[in-house]
Amino acid sequence: MDYKWILHPCTLLQNLACRFLKEIEMEIAGLFAAAFILVVAFAYLVWFWLLSRRLTGPNVWPLVGSLPGLIANRNRIHDWIADNLKSTGPATTYQTSVLPLPFVRQGLVTVTANPRNMEHVLRARFENYPKGPIWQSAFHDLLGLGIFNSDGDTWLLQRKTAALEFTTRTLRLAMARWANRSIKTRLWRILADTSNAASMCSVVDLQDLLLRLTFDNICGLTFGKDPETLSPDLPDNPFARAFDTATEATLQRLLFPGVFWRIKKALNLGSERNLRLSLKVVDRYMTETISVRTNNPSDDLLSRFMKKRDGNGNVFSASVLQWIALNFLLAGRDTSSVALSWFFWTLMQRRDIERKVLAEIASVLRETRGPDASRWVEDPLEFDELERLVYLKAALAETLRLYPSVPEDSKYVVADDVLPDGTVVRAGSTITYSIYSAGRMESIWGDDCLNFKPERWLKLAGDGKKGARLCFEPNMDKYRFVAFNAGPRTCLGKDLAYLQMKTIASAVLLRHRLELVPGHRVQQKMSLTLFMKNGLHVHVRPRNLNFDIDGGVGNLTEFCHVTTNADSTVPIAAAA
Ligand code: HEM
């Protein structure tokens, strides 16, 4: 018989004692772990409590910060930010956190619409508030170190070089030429076809047409080649599509902490894969375009930069020229078309303002082209004619006040600082200035701030008597209206954009009366650019100039008296 399995009583006791000790050991370890977690959680909660006492914005929650509020308001983020800012009273500034973790400054955001704070960030302490590493690394694959995506000396050199070009008359003439050509040969044709359609029910997405038109214009201006994405059959252009995809994928990088897109990029997944593929298409197109321009220079921006030298006295390499061109493309492609979409939408609801715009155009054309209205629509307006359209410019500025193409903009904080209103900003955090909110603050624009009122941009030059001239007067305090940014990084294309928008607006309004398709919902798209989410669906009708102008106010000076003395404006309908 084998007795090995029968344990000696001593061994049995030993084993029991061992197991007992082990269990105690594990329990103690468990208790220690639980105590540690409790201490960490407690310390975190104390830290979070101290942090949240300093934060002045919407409700913040442990770990997720203000993200719940952001998600709940995802379809009205700009209005939500404006509401938050209004609730802070005259400060119009709050601080929040989207990632409340100790030692992580990245999630700490200061949001402001206070003109003095904006001036401080955009001008007074400009060096302390660059675009910063998060923005730059996200955009680097698409924009390299071009003007839109660089800081410091790299930015300054390009800025100085470009600023010289943007003030030249030849560049303005080039913009006018590209815009006029695409209006005359394509936009007018498409609108006429729609307005003559037998059923009178055909619908056009005006925003889509405008986006195509301004994309063509900026390509023409930048590298002298019109891709004609605006054509009657609305073609699918591989370069335009690739550029759109690359921009969209790049913007997605900004939604989550950088580590996410870096992992996706390394694994070549999803939007990062799309980005890589579309960048190849963009690169091929640009390489070809640059080589054509090298052999055959023209008056476009690319040709102008080819003649310039960098800081070391060398000509720019092909890859730098590609960055430069792509940066201008991104900066100037959608902003004007988006502004025009909101402008036309507003005019469809405010026929009184549309009549004033038409009356002004008619009064200029009567002088320059004579009384026969058929001559007014033969060609788009010339540069000198456009310069005289001050009411139209005011209506466009008013559109940008309420619907800025770039609704929010952000800067990185290099070193701890104190804003003029006393808000302390920490190094490594972000400061967002809400351009959208700044245009809607009662404290900035008065209690009619939500009214669409072009007259707020106009004044009578002289003594205000008969014969006095109506002038467009950009608001004295530049930091109240920052739709074109302000300070050293002010939009370089501002004057070109007004020129282009005035050309297109007058060309459309003189020939057509637009009507919003019943039931079409105009909504803001939550993006870095204020697109209309569902486009702008309109019926296009022929314009009866005699009727529309006679029904308006023919005499400008008289209309100026009428509108500056009487507050005839009514609130515009809010875009849902
Ligand atoms: C309604 C039309 C436009 C609006 C509302 C607009 C607005 C802006 C804003 C807000 C910025 C500052 C962006 C930032 O630094 O974060 C900017 C910069 C810039 N814009 Fe525009 N823009 C318009 C049209 C154009 C056009 C047509 C061009 C070119 C032809 C252009 C060229 C630029 C350039 C080059 C910059 C970069 C300036 C710099 O960083 O030094 N923009 N624009």
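A residue is called near a molecule or strand when its C-beta atom, placed from the backbone, lies within 6 Å of it. Keep in mind that this is a predicted model, where local features need pLDDT of at least 70, side-chain atom pairs count only at pLDDT 80 or more, and totals for chains, interfaces and linings use all residues. Residue numbers start from 1 along each chain as its sequence is written.

**Around the ligand**

- There are 22 residues around the ligand, and Ala331, Gly332, Thr335, Cys491 and Gly493 come nearest.
- Helices α13, α14 (335-349) and α21 (494-511) each put at least two residues into that shell; helices (H or I, at least four residues) and strands (E, at least two) are DSSP runs, numbered from the N terminus.
- By class, the shell splits into 13 nonpolar, six polar and three charged residues. Here Ala, Val, Leu, Ile, Met, Phe, Trp, Tyr, Cys and Pro count as nonpolar, Asp, Glu, Lys and Arg as charged, and the others, Gly among them, as polar.

**α8 against α13**

- α8 (residues 206-223) packs on α13 (residues 318-332) at about 150 degrees, with the axes 9 Å apart. Axes are lines fitted to C-alpha atoms, for helices over the stretch in contact, and angles run from 0 to 180 degrees between N-to-C directions.
- That angle is why α8 counts as roughly antiparallel to α13 (under 35 degrees is roughly parallel, over 145 roughly antiparallel, 65 to 115 roughly perpendicular and the rest oblique).
- On the α8 side the contact uses Ile218, Cys219, Thr222 and Phe223, and on the α13 side Ala325, Phe328, Leu329 and Gly332. Contact means C-beta atoms, placed from the backbone, within 7 Å.

**α8 against α14**

- α8 and α14 also pack at about 150 degrees, with their axes 8 Å apart, so α8 is roughly antiparallel to α14.
- α8 brings Leu206, Gln207, Leu210, Leu211, Leu213 and Thr214, while α14 brings Ser336, Ser337, Leu340, Ser341 and Phe344.
- The class count is six nonpolar, five polar and no charged residues.

**Domains**

- The domain assignment (bounds come from an automatic or database assignment) gives domain 1 (57-124 + 407-439) and domain 2 (152-406 + 440-480 + 483-565).
- Their centres, taken over C-alpha atoms, are 29 Å apart, and the contact takes 20 residues from each domain.
- On the side of domain 1 that touches domain 2, α4 gives the most, with five residues.

Key
Two residues are in contact if their C-beta atoms, placed from the backbone, lie within 7 Å.
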